[in-house]
Amino acid sequence: MSSEGGAQAGETSAGRYRREESPAERLDRNWNELLQEIRVLQTGSQILAAFLVVLPFQERFEELDALQVGWYLGLLLLALLIVALLLTPVGMHRRLFRRRVKDEMVKTANTLLRTAILLLGVLLSGVAVFVIDVVLSRGVAAAAGLVLLALMGGLLVVLPHRIARRVRA
């Protein structure tokens, strides 16, 4: 615990904390944090992809118009791409294990994970458009999709950018 007005252990006077770790320990921590984030995203992404994979085997699928079928196929491919992006760091680790390239693996996995998160926001918005189009109407679906896409952009891009800018200031 901190004393009144004092910084907690590991904090600087500005409230930012620092770690006493070697570069190797930092890479290990970064890699483990990336894997934890991948675990969280992977389950939901795989469930959503599985849902999309089985959709054509439902009776009502034949009632979809050409635009809905095209939209569905785009969503399916996007979901499978996201699953592939989330699996790549694990496969990369297995292939490069003990090759002393963890710094490159962390950078690459970070890029893959950031890409997967952004695409997941697009996928979730697209799935909402698809479902609302089938259940209600195309106009309502388009409006809801734009709102959700803006919300995803705000939460996944703007919010982290604002936090990073505030921390740098």
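**Exercise 1.** Find the residues with the most contacts inside the largest nonpolar core, and the elements that build this core.

*Solution.* A nonpolar core is a set of buried Ala, Val, Leu, Ile, Met, Phe, Trp, Tyr and Cys residues joined through side-chain atoms within 4.5 Å. Here the largest one has 32 residues. Those with the most contacts inside it are Trp-31, Leu-52, Tyr-72, Ile-82, Leu-86 and Leu-123. Two or more residues each come from helix H1 (23–54), helix H2 (66–96) and helix H3 (102–135); helices are DSSP runs of H or I with at least four residues, numbered from the N terminus.

This is a predicted model, in which local features need pLDDT of at least 70 and side-chain atom pairs count only at pLDDT 80 or more, while totals for chains, interfaces and linings use all residues. Residues are numbered from 1 along each chain as its sequence is written, and side-chain values use heavy atoms, leaving out hydrogens and water.

**Exercise 2.** List what Ile-82 is in contact with, leaving aside its neighbours within four places in sequence.

*Solution.* Contact means heavy atoms within 4.5 Å. By that rule, Ile-82 touches Ser-45, Ala-116, Leu-119, Leu-120 and Leu-123.

**Exercise 3.** Describe Asp-103: is this residue buried, partly exposed or exposed?

*Solution.* Start with its place: Asp-103 lies in helix H3. Next, its relative accessible area is 33%, so Asp-103 is partly exposed (buried is under 20%, exposed over 50%, partly exposed in between, with a 1.4 Å probe and protein chains only). Finally, Asp-103 and Asp-28 are 75 residues apart in sequence, and their C-alpha atoms are 9.2 Å apart in space.
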